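Okay, thanks for having me.

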Number of protein chains: 2
Amino acid sequence: MRIALAQVNSTVGDLDSNCDAVIAWTARAVAARARVVVFPEMMLTGYPVEDLALRASFVDASIAALDRTAARLAADGLGEIAVVVGYLDRKAGIRPRVGLPTGAPLDAAAVLYGGNVVLKSAKHHLPNYGVFDEFRYFVPGDVLPVFRLAAGSGEAVDVAVAVCEDLWQEGGPVSVARQAGAGLLVVPNASPYERGKGTERVELCLRRGAEAGAALAYVNLVGGQDELVFDGDSIVVDGAGAVVARGPQFEETLVVVDLELPAADQALTDGDSPADACDGTTMTIRRVTLPAAGQAPAGSAETRALWPRLDDLAEVYRALVLGTRDYVVKNGFSSAILALSGGIDSALTATIAADAIGADRVHVVLMPSKYSSPHSVSDAEELVKRQGVQARTIPIASVVAAFDHELHLSGMAEENLQARVRGMILMALSNAEGHLVLTTGNKSELATGYSTLYGDSAGGFAPIKDVLKTLVWDLARWRNQQAAATGEDEPIPENSITKPPSAELRPGQLDTDSLPDYAILDALLDDYVEKDLGAAELAAVGYDPALVERVIGLVDRAEYKRRQYPPGPKITVKNFGRDRRLPITSRWHEPFAG
Amino acid sequence: MRIALAQVNSTVGDLDSNCDAVIAWTARAVAARARVVVFPEMMLTGYPVEDLALRASFVDASIAALDRTAARLAADGLGEIAVVVGYLDRKAGIRPRVGLPTGAPLDAAAVLYGGNVVLKSAKHHLPNYGVFDEFRYFVPGDVLPVFRLAAGSGEAVDVAVAVCEDLWQEGGPVSVARQAGAGLLVVPNASPYERGKGTERVELCLRRGAEAGAALAYVNLVGGQDELVFDGDSIVVDGAGAVVARGPQFEETLVVVDLELPAADQALTDGDSPADACDGTTMTIRRVTLPAAGQAPAGSAETRALWPRLDDLAEVYRALVLGTRDYVVKNGFSSAILALSGGIDSALTATIAADAIGADRVHVVLMPSKYSSPHSVSDAEELVKRQGVQARTIPIASVVAAFDHELHLSGMAEENLQARVRGMILMALSNAEGHLVLTTGNKSELATGYSTLYGDSAGGFAPIKDVLKTLVWDLARWRNQQAAATGEDEPIPENSITKPPSAELRPGQLDTDSLPDYAILDALLDDYVEKDLGAAELAAVGYDPALVERVIGLVDRAEYKRRQYPPGPKITVKNFGRDRRLPITSRWHEPFAG
């Protein structure tokens with residue numbers, strides 16, 4: 001049987017456009033002779049909708065959009081393909097958890113056929129860790145839908161539906177799919193990108209496919225939504241445990257694949273039957289047979305199932321570009337602006353922005369001060385020349401002097417003043433010309449508080465917020481190599497990559513005056529922030545205890561700055577955002593052996 | 001039997017000081033001849049600890065602090081009182097939910113006696129709505145501890161322990177306490193203040209006391225923690241359903257009350273027995289008999305059980321003062337600074353700050369511009385004179401001119417520039433002198449985006465962030481009346497209260513140029529933001545549909561500004577913070593009938 005996986009980019013709240021996308025991509029699936037097309041989790045509403053899930057008017061709109069989609073499919077002659085689509089629904093007649101409305105929201109999936117909604121179900125396992133808060137929004141689904149579809153050979157196959165987290169946790173739909181004897185389990189997902197997550201997903205699909213005793217088709221969303229980037233990378237595993245399809249990363253695509261599926265057990269008839277979910281709960285298997293459609297020969301149209309995988313740096317870079325592009329576009333901006341210092345952070349941010357929305361829509365401002373070195377200006381100008389971004393120069397000396405005349409500042413107050421004057425100039429240009437301000441800080445700075453609130457931290461989106469400094473360098477080198485490999489100009493001046501990093505807020509300043517070497521710092525930050533190791537554990541794995549104490553102190557004291565930082569694309573297991581929630585007011589100090 | 005409720009102020013992460021507080025307040029309870037003293041939820045760690053609950057070193061420290069507290073109590077001769085204290089523990093030997101560490105955290109309570117930890121239990125119902133994320137952190141407790149204590153009369157009474165949310169939800173510990181035949185149910189709490197919540201809590205205590213068939217002692221935390229303010233207001237309901245104790249609001253106190261309690265059923269012996277929690281789960285009743293202590297006559301020391309209730313405006317004002325004071329003090333600041341414009345928002349914020357930390361530690365900056373009216377300066381100066389805060393004047397004209405020389409701004413960019421110059425001056429003085437910057441924006445502004453990012457929204461803490469403009473005026477009038485009633489100077493100049501509000505960023509500007517009348521706006525904001533009504537529902541309750549559309553548009557578009565706003569004390573059912581989580585990127589528009 002030929003199936004299609006529509007890994008597409010939906011937008012939160014834009015139900016009409018998302019419905020249009022279902023129609024358009026279903027038409028492609030029909031043209032490709034697929035019998036089933038599967039869309040991502042919460043396709044019609046976008047994902048995650050957060051507290052919109054609790055608003056009655058929004059749930060009503062989602063349910064109406066589902067019905068409208070079913071009707072439009074039939075009206076457009078697309079009624080003879082089974083369409084599996086995620087949306088937001090509600091469950092009536094139960095007493096929901098405290099905090100939920102009476103009609104408790106469901107992270108739902110429906111099967112559309114012949115102009116009708118023929119089956120409805122909802123996510124059974126609700127993730128409530130990391131960036132996810134699904135216990136806040138949803139009640140668990142308890143139905144495993146199984147639809148019977150005449151296969152290309154004339155025999156019928158049974159297809160079950162589970163949603164996203166149902167694949168990640170034990171028991172539930174995967175276990176019930178085996179009891180139901182389904183030949184194929186399709187799984188709409190909205191799984192955010194994290195570095196290296198693709199390998200984990202393939203292993204999971206293989207394991208769960210074996211547990212379900214079925215082929216498994218995993219479809220993931222594509223696109224940026226605030227801090228999250230959905231990377232596509234859809235997967236199909238056949239009944240023998242072979243990976244037979246792998247979608248591209250960070251791109252909308254229709255993955256089309258032919259599967260040999262076992263014939264449905266004709267003894268099983270339509271209707272409900274109970275099943276043990278093997279997780280302490282009971283589920284209902286709900287079976288529906290779809291009418292046999294005209295049997296177009298599947299071989300008559302092209303399939304494409306296997307895309308190559310990006311290497312590590314390529315996938316990180318693509319995530320940053322897609323996250324930035326979608327933040328700009330989905331929020332209605334047509335251009336972006338940032339400060340270009342000649343340093344590596346702003347050079348990489350400008351390059352990401354140019355790759356995301358085009359160099360002609362990227363505005364950069366050179367804002368030299370009396371402490372700026374000659375190479376700062378020349379390195380920035382060199383980048384402008386290579387990339388063709390829109391550049392202007394606004395010296396900050398006169399404004400700083402005017403402040404200084406009123407305030408007579410010195411030390412850190414004077415250093416921060418320069419950063420804040422630059423931030424204000426960017427914001428003023430944003431107000432006057434409508435650009436989105438991009439913030440150029442990296443994760444090492446954000447972790448240690450090595451930034452100025454309302455200065456270099458000002459802006460609407462921070463493309464490299466979740467990128468440690470050492471990875472900033474790696475990405476810059478990688479991007480230049482990519483250009484060189486295709487015969488293009490290297491976008492980033494070599495000197496921006498190789499010179500010692502400096503904030504240039506006082507004469508001769510270097511980052512290493514205040515921070516340890518970035519190679520050591522970044523390793524320690526990874527262990528403290530992402531792995532959540534305590535001080536004793538950090539010392540035990542070999543870090544200098546004095547350094548541990550110093551860095552932990554920096555990280556803990558900077559929490560208030562991070563709270564006011566703009567969003568930026570998550571690429572790690574734990575970004576500074578919803579992934580890591582710590583109090584600002586805290587007197588906790590990690591205990592030290594010494 | 002005499003019991004004591006220690007409604008005290010613990011600090012997140014300061015385990016040593018919190019342990020000291022348990023010792024000190026237990027000594028007072030012993031001096032008052034109480035047989036039991038009950039501390040708030042998570043007393044030893046502070047509450048909420050957020051992701052610190054997931055860090056092994058922090059859980060270890062909490063468990064060690066509990067053992068240390070038990071030993072210190074005995075060493076200080078405080079071993080013969082039963083001490084009920086909240087702390088953070090872990091549950092071994094279970095497979096925790098995905099996202100939790102192997103030793104899954106518990107929101108625990110222990111009974112200490114004779115230098116030992118004699119009973120441990122944990123919260124059974126985990127709130128995961130509003131500001132709470134407890135499914136992220138904890139597994140549910142399944143033990144109802146019951147300790148038997150010789151009463152003053154020589155008879156024994158059985159005392160059960162439940163934790164906070166266990167009182168708010170059906171079934172669980174309350175139901176099991178009835179099955180266990182407990183005569184008294186004590187409940188450590190960390191329940192954040194919301195306007196009018198006291199009435200709801202009393203009704204709840206009466207209902208749950210009746211359901212448990214027992215007297216009920218509810219002890220609440222006091223103090224500010226980031227956006228939350230815990231208001232104390234502890235409650236004791238006797239077995240006959242009478243409120244026999246009510247602690248003060250927003251103050252640390254020992255509430256001491258004598259209760260007639262039913263004699264324990266001597267047929268029930270120590271050990272475990274299963275019980276139906278009436279919520280689909282099973283719990284264990286765990287009984288321990290504490291050795292009889294020396295029976296000091298209870299009547300020989302003073303009791304104080306009933307404090308008067310504050311009226312509505314008084315309790316809101318006290319919440320703002322306590323939230324502000326604790327943010328300043330617990331974060332190690334000794335002073336605060338804010339911009340004083342002559343308008344009502346900054347006047348009220350300055351007054352709250354002066355009441356919180358003393359006028360001598362409050363610094364105000366008058367920053368007139370060419371658009372400032374004469375009364376702005378004179379009203380601000382009048383407040384300075386009345387309150388004795390530390391004042392200075394820094395005109396912004398020369399700095400604005402310097403920017404203008406570089407940027408040639410007009411319109412909103414120029415208006416915002418003035419606000420940002422003021423924000424920068426405050427931040428510079430904070431850097432130079434170490435003050436916490438207070439932000440003076442109110443909830444109506446924050447809702448509609450009527451503020452300048454990095455301008456008037458700059459700062460570390462925003463005392464009136466959750467106060468709608470109409471309530472700002474009410475609180476100002478109330479504060480003046482309080483002063484008048486006690487013969488003091490009215491702190492807020494009348495003209496700041498009565499004049500039409502204006503941002504004074506262009507000639508003759510008034511808030512009403514951009515916003516509807518505040519009485520209508522605030523009512524609409526309350527219905528849209530706090531009650532989450534959709535556009536059709538708002539029109540149905542009588543708002544002008546065009547106004548609804550305009551205001552909803554303002555609120556929805558301002559989400560990105562709110563994300564970068566500093567924290568401030570929550571006083572409503574839904575503050576702009578963890579209570580309301582909406583995507584920045586959203587194309588959802590409430591549907592309009594028209």
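**A helix, its neighbours and a sheet**

Let's begin with α9 of chain B: its buried residues pack against α8 (344-357), β18 (362-366), β19 (390-393) and α14 (494-498) of chain B. Contact here means heavy atoms within 4.5 Å, and buried means under 20% relative accessible area, exposed over 50%, partly exposed in between, with a 1.4 Å probe and protein chains only. Helices are DSSP runs of H or I of at least four residues, strands are E runs of at least two, and both are numbered from the N terminus.

Quick housekeeping. This is a predicted model, where local features need pLDDT of at least 70, side-chain atom pairs count only at pLDDT 80 or more, and totals for chains, interfaces and linings use all residues. Residues are numbered from 1 along each chain as its sequence is written, chains are lettered from A and ligands numbered from 1 in the order in which they are written, and side-chain values use heavy atoms, leaving out hydrogens and water.

Back to the helix. Which residues of α9(B) are buried? They are B:Ser376, B:Asp379, B:Ala380, B:Leu383, B:Val384 and B:Gln387. These cover an arc of only 140 degrees around the axis, so they sit on the same side of α9(B); the arc is taken from the directions from the helix axis to the C-beta atoms. On the face turned away from that buried side you find the exposed B:Pro374 and B:Lys385.

B:Ala347 counts as buried because its relative accessibility is 2%. Leaving aside residues up to four places away in sequence, B:Ala347 touches B:Leu340, B:Leu383, B:Ile492 and B:Ser496. Its C-alpha is also 8.8 Å from that of B:Pro491, 144 residues apart along the chain.

Next, the sheet. Eight strands of chain B form an open, mixed sheet, in the order β13-β12-β9-β8-β7-β6-β16-β15; strands pair if DSSP finds at least two bridges between them. β13 (243-246) and β15 (271-276) each have a single partner strand, so one side of each is left without a neighbour in the sheet. At the β13 end, β12 (residues 235-237) and β13(B) pair antiparallel over three bridges, and B:Ile235 has B:Arg246 as its bridge partner.
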